[in-house]
Every structure is written in structure tokens, then in C-alpha cells.
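Please read it alongside the model.

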Amino acid sequence: MSKLSPVPDVLAAYAFISCKRPGTLIEDGKVLISTSCGRCGGSGNTGHFQDGGVCYACWGADTRNSYKRVPVLEWARLEYSRQQKAEKRRADRVAAAAAAEAAKLEAQRKHNEERGHGRLTFDELQQKQRAELQPVIPGRREITATVLKLKAYESAYGCTWKMTVKCQATGNLYFGSQPSSIDCVRYVKHYEATEEYAAADVEEQRGLQRGDVVRFTATMEPSEKDPTFGLFSRPAKAVVVNPQETPAGI
């Protein structure tokens, strides 16, 4: 038994066109499909100076009133098929995006579970950690924190480096100026022996990086917008804890 066509006759074709493609030009039972030049709009002239402005796509032909005539029933069936394929492609894209999102969230849950945080996504873990944070207590004190972000700020007085750090003891985030004493991080790198050189430990240096663990003393104040977010000023006695070639703090 053959499957019935979704557009079985001419009346159904007219109904389909009026519902799905209103404004379609129809004349004497035929759908008019414009075949005018897509480059010049059918005028045959593009307005440039070469060769008198002739359109190189249609070579000056006047195609403004040029149409291809297709029977209504045939066109309606072709249009229905095109729309069904387009809808299937849209549904496939939505399903693929949903599957990718589900896989991403599952990977986040696995990542956090392996680190002892439970089967939580990154957003859920962040919300849980923020709910457990205590307000920043104002005052001057020493903290040990992990560098999360470094950014340069330009002003009329020059360039200033700011850093966002996460306190290892409380989990609160702090923002302030990067101490100049840790602009340069010195560490010892071990080189294995080769045929030409003996093994050696060489002191090298690099700039402060994300993931470095720093210890410094500063004046802490809670942010006006979020009391669990701290702002520090006048940092002093800053050092990098256990400096390495590659930061291991994150």
C-alpha cells in the first residue's frame, strides 16, 4: 500500500501555499518563479564604468519580468518536501546540541566527583561554594592565595597590573594590585647531564602566572556589591610559595 501524498490534489496544493507560503505568485494554475539575474536584479546594468556598466552575469539581458512557470501541484509537493527536510535538519541540530550539552555536563560531574566535590556541574559547585563563603572581615592581615587572573589596566598614570586571587584558607576571592616584588618569579630548574655538559641546577626567572601560590600582607575590605568578595590594598611582603617552572596551584 503506497503512502498517501501530503498534497494529494490541486485544492490541497492551494491550501498548502496559502498557509505555508503566502504571497506566492500564481497565474493560470502555475506558480511563477522569478529567473531574473541575481547580480543586477534583471536590469542588465550594474553601474560600473567598465564596458558601459554591462552585467557580466547576464550580459545586459533584461530579465526583470522573466519567470519560470511550474504547475501548482508539482511546486507544492516540492516545497513541502523541502520544508520537511529543513525541519528535519533543524531537529537534528537541536538534538545534537542537546546531546553535546548533556555530555559536557556529565564530563563536569565526573571531573568534580574525581576531586571529591560530588556529582555537581561547575555552576552547581560554584553556587554551593559561594553559599558556604563567609563575609570578608575588614582589616590588615596575611593570606596565602592562588592566582586566578592577571590583567593590565591602562590609565593616565601608566600601566598597572591587577590580580584576582583565591584565599586557600577561606575560599574568598580578592582583587587588587599585583605587588611589584613578585613581578619576577625566580625558580631552580634541573638540567640532566648530557655528553657535553654535566647535570646542573640553574636559577631561572619568569613572570607571575595564573596558578602561582602567593603569600602577602594587605588591607582587606569587603566589596559593596558582594560582601564575600574582598578588595585588598597596600600589599607588602609578597612572595611566591614554592616557585616552579610551571605553576601547579590550579
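Strand E4 (139-155) pairs with strand E9 (residues 213-222) in the antiparallel sense, over 8 bridges. Strands here are DSSP runs (E, at least two residues), and helices are runs of H or I with at least four; both are numbered from the N terminus. Two strands count as paired if DSSP finds at least two bridges between them. E4 also pairs with strand E5 (residues 158-167), again antiparallel. A hairpin of 2 residues joins E4 to E5.

| Pairing | Bridges | Example of opposite residues |
|---|---|---|
| E4 and E9 | 8 bridges | Arg140 and Thr219 |

The model is predicted: local features need pLDDT of at least 70, side-chain atom pairs count only at pLDDT 80 or more, and totals for chains, interfaces and linings use all residues. Numbering runs from 1 along each chain as its sequence is written, and side-chain values use heavy atoms, without hydrogens or water.

Closest to its centre, of 20 lining residues, are Leu125, Gln129, Leu148, Lys166 and Leu173. A pocket is an open set of points on a 1 Å grid over the protein atoms alone, where a 1.4 Å probe fits, with protein on both sides within 12 Å along at least five of seven lines; lining residues have an atom within 4 Å of a point.

Helix H2 (72-114), helix H3 (122-132) and E4 each give two or more residues to the lining. H3 gives the most, with 6 residues.
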